[in-house]
Each structure stands twice: as structure tokens, then as C-alpha cells.
Amino acid sequence: MSAPRTAGRTPPARKPPAGTPPARAVPPDAARSPAKNRPRRPGSRRGKGGARWFTPWLYLLAPLALLVVFTWLPVVDMFGYSFTDWDGISPVRNWVGLSNYSDLFTRPQLFQVFWVSLFYLGASVVQICAALYFATVLSFNTRLRNLFKGVLFFPYLINGVAVGFVFLYFFQPGGTLDTVLGWLGAGPHLWLSDPHLVNTSLAGVSVWRFMGVNLVLFIGAIQSIPPQLYEAAALDGASRWQQFRYVIAPSIRPIISLSVILAISGSLSVFEIPFIMTGGSNNSETFVIQTIKLAFNFNKTGLASAAAVVLLAIVLLVTWVQRLLFPDERVEQS
């Protein structure tokens, strides 16, 4: 006898017992993703737009508090002091209105110090050009490029006071620079005592110290350029100078603009290097050194606050004019 054939036949459906409620039909999509249609617990706010809105502010609370306490509140107090004759010590503050500002603009000697800033502005141009050159060279396959990057960036890591004391001995009569020039037959010079040389010497120190910042900015911007652009330029027979002119410079234009803004604002607010090396003597006094002397040497905190407000306004005005004349253009890299 052969076994009965059951292949291809479906067994008959069993009927549910009497009194059992009918089962609800489940949509196919719900069967595939049951968690999607799971009932949400009361109070849950994980839906679209239901995230806790104050969670990011909890992370920003500490830095915002530090910013307000140590930046914005002192700036507001500085504006208030500029309209008084406060000496910085006495609890009495007499309201004088705009007399501090009129005193600033009617004293030519208070604005003659801005001529010193021209030396640092010229040094900033040299600094940006040198940083751009080294960044372009070190972005390609150059031997010991990592070593040169570290050597050029290292001066920025040194404390400004230490830099001032090192170059104070470097420029002193009979010091390192005069010794090296003596080997070449050049006579000694009063680098920090001669009014015609002091600002050039101090500006050279600023170039040595701050060039590393622009170098890092330029290297990061150059390395973000797609390599396909270099390959296309090489196929067209472009030289290194043509690659820099038509590929690198247009691509890093926003970073160059940022460096120019930082250079202008930095040249107007130079302080630590001339203050440590000369104290502002021999026609090397900057606007910030003059403001510090007004506040702490002559106890004219109100007038010094007005000078600080004027310097802030000048920096903001120069930045606005620079952005107006040379607006940032979005560079499409493909």
C-alpha cells in the first residue's frame, strides 16, 4: 500500500472556540515595523520638534555666563566710565558728559601715536605675505615639511613676556645682532634707543612671533582644496605660480580676508612687545600703552575709558569698511 498524498494540500483552518472575539486585521506596514506604531508613553516628547528645547542651553550656560561676566559687563562699565571723571580709586564719580571725548579729539598728541601703528601695519603685510608663501610651499611634497611647520609655528607658543625679554637682549648694544653684524663688517646700532630704528625693530619682532598663526590658517585652507583642481591645472601645463594664482588664491580668499582684518585690528592694538622692551619710550608708544598710562600712571580712568571706546570704534569701522570694499564671495570648489 502507498501512503496517502498530502503534498500541495492546505490543512483545513481550525475554527476558534465559541465566545472568542474576532482578531483585528493588522496592516502589512505595521507588521514590518511594530515599534513605529507602538503606543507612546504619556509625557514622552521624542516626536518631531518635541525634543527638549532647553537642552542645548544647558550646555551653553557656563560659557555664556563667562562671556557676559568677563566681556560684556566690563564693556558696559567702560562706556559708563567714559562719561565720568573717575580716577579709578575714589568712590565718587562725577558726570562730565562728552568732555573726555572732546579732550581726546582736541589734543593732537593723543592721536600722534597712531603713526606708530603704521609700522606694525606694514609689518602685518610682510607677515601675511611670508605666511602665505611658506604655507604654499609646505602644502606640497617638500622634504622635512613637518619640521619646518613646527619651527615656524613655535614662536607663537612662547609667552609674549618671554619673547620681549629674549629680543631685549638680542637688540641691546653689543648683543647678538650686533655681534653677527660685526662679523660682516657692519657697525653696532642703537636698535631700541634710536627713534628711527626702534619701531622697525619692534615690528620685526611681531612678524617673527605672529606669522605662525597665519601659517596655520593658510595651510588648513590650502589643504581643503580638492586635489582634482591641481590635477586639472597640471594637465593644462600650469606652473606653480599659475596654480597659486588661479587655484589657491581664489579658493582661500575668505581666509586671506580674515587675516587682513586681524592684521589691521592687531596693528592698532599693539601692547605687550613695545611695553616690555621699551615701555613706550623713544617714540615707540602705541595707543594702548598711552591708554594704560592714562589709567594707572595719571589716574584718569574716565579719559582712558573714552580712549578705549574710541579705539574699539576705530577697529569696528575699519573692519566694516574692509568688508564693504572686499565682501566675502562663496567659492565653489569642484
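**Close-up views of a predicted all-chain model**

Helix α12 gives the most residues to the lining of the largest pocket, with five. The model shown in these views is predicted.

**Figure 1. The largest pocket and its lining.** The volume of the largest pocket is about 380 Å³. It is lined by 19 residues, and those closest to the centre are Gln-127, Phe-210, Leu-262, Gly-266 and Ser-267. Four elements, α5, α9, α12 and α13 (272-277), each give two or more residues to the lining. By residue type, the lining divides into 10 nonpolar residues, eight polar ones and one charged one.

**Figure 2. Helix α15 and its surroundings.** Helix α15 covers residues 301-325, which makes 25 residues. From the first C-alpha to the last, α15 reaches 36 Å, close to the 36 Å expected at 1.5 Å a residue. Which residues of α15 are buried? They are Thr-301, Gly-302, Leu-303, Ala-304, Ser-305, Ala-306, Ala-307, Val-309, Val-310, Leu-311, Val-315 and Gln-322. The cover over these buried residues includes α2 (55-81), α3 (99-106) and α4 (108-111). It also includes α5 (114-138), α12 (253-268) and α14 (287-296).

**Figure 3. Leu-138 in helix α5.** Leu-138 belongs to helix α5. Is this residue buried or exposed? Leu-138 has a relative accessible area of 4%, so it counts as buried, the cut-off being under 20%. Apart from neighbours within four places in sequence, Leu-138 is in contact with Arg-145, Phe-148, Lys-149 and Leu-152. Leu-215 is 77 residues away from Leu-138 in sequence, and the two C-alpha atoms are 9.7 Å apart in space.

**Figure 4. Ser-201 in helix α9.** Ser-201 lies in helix α9, the element with the highest confidence in the chain, at a mean pLDDT of 93 over residues 198-223. With 7% relative accessibility, Ser-201 counts as buried. Leaving out neighbours within four places in sequence, its contacts are Phe-171, Trp-191 and Leu-192. One of these, Trp-191, is 10 residues from Ser-201 along the chain, and the C-alpha atoms of the pair are separated by 6.5 Å.

**Figure 5. Ser-269 in the loop between α12 and α13.** Ser-269 is placed in the loop that joins these two helices. Its relative accessibility is 35%, so Ser-269 counts as partly exposed. Beyond neighbours within four places in sequence, Ser-269 is in contact with Val-288 and Leu-311. Leu-311 is also listed among the buried residues of α15. Between Ser-269 and Thr-286 there are 17 residues in sequence terms and 7.6 Å in space, C-alpha to C-alpha.

**Figure 6. Two residues with positive phi.** Leu-144 has a positive phi of about 60°, although it is not a glycine. Where does Leu-144 lie? Leu-144 is in the loop between α5 and α6 (145-157). Its relative accessibility is 57%, so Leu-144 counts as exposed. Asn-282 is also a residue other than glycine, and its phi is positive, near 55°. Asn-282 lies in the loop between α13 and α14. Asn-282 has a relative accessible area of 31% and is therefore partly exposed.

Figure 7. Over residues 42-49 the pLDDT stays under 50. How many contacts beyond four places in sequence does the model have for residues 42-49? The model has three. In the protein chain, confidence is lowest in helix α1 (residues 28-32), at a mean of 51. Where pLDDT is low, the predicted coordinates should not be read in detail.

**Figure 8. The chain as a whole, for placing the close-ups.** The secondary structure of the protein chain comes to 15 helices and zero strands. The chain has 334 residues, and 31% of them count as buried. Among contacts with a separation of 6 or more, 66% are between residues 24 or more positions apart. The average pLDDT of the chain is 83, and 83% of the residues score at least 70.

Terms used. Residues are numbered from 1 along each chain as its sequence is written. This is a predicted model: local features need pLDDT of at least 70, side-chain atom pairs count only at pLDDT 80 or more; totals for chains, interfaces and linings use all residues. Side-chain values use heavy atoms; hydrogens and water are left out. pLDDT is the predictor's confidence in each residue, from 0 to 100. Contact means heavy atoms within 4.5 Å. The expected span of a helix is 1.5 Å times one less than its number of residues. Buried means under 20% relative accessible area, exposed over 50%, partly exposed in between (1.4 Å probe, protein chains only). On a 1 Å grid over the protein atoms alone, a cavity is a set of points where a 1.4 Å probe fits but cannot get out, and a pocket is an open set with protein on both sides within 12 Å along at least five of seven lines; lining residues have an atom within 4 Å of a point. Grid points are joined across faces, edges and corners, and a volume is the space filled by probe spheres set on the points. Ala, Val, Leu, Ile, Met, Phe, Trp, Tyr, Cys and Pro count as nonpolar, Asp, Glu, Lys and Arg as charged, and the others, Gly among them, as polar.
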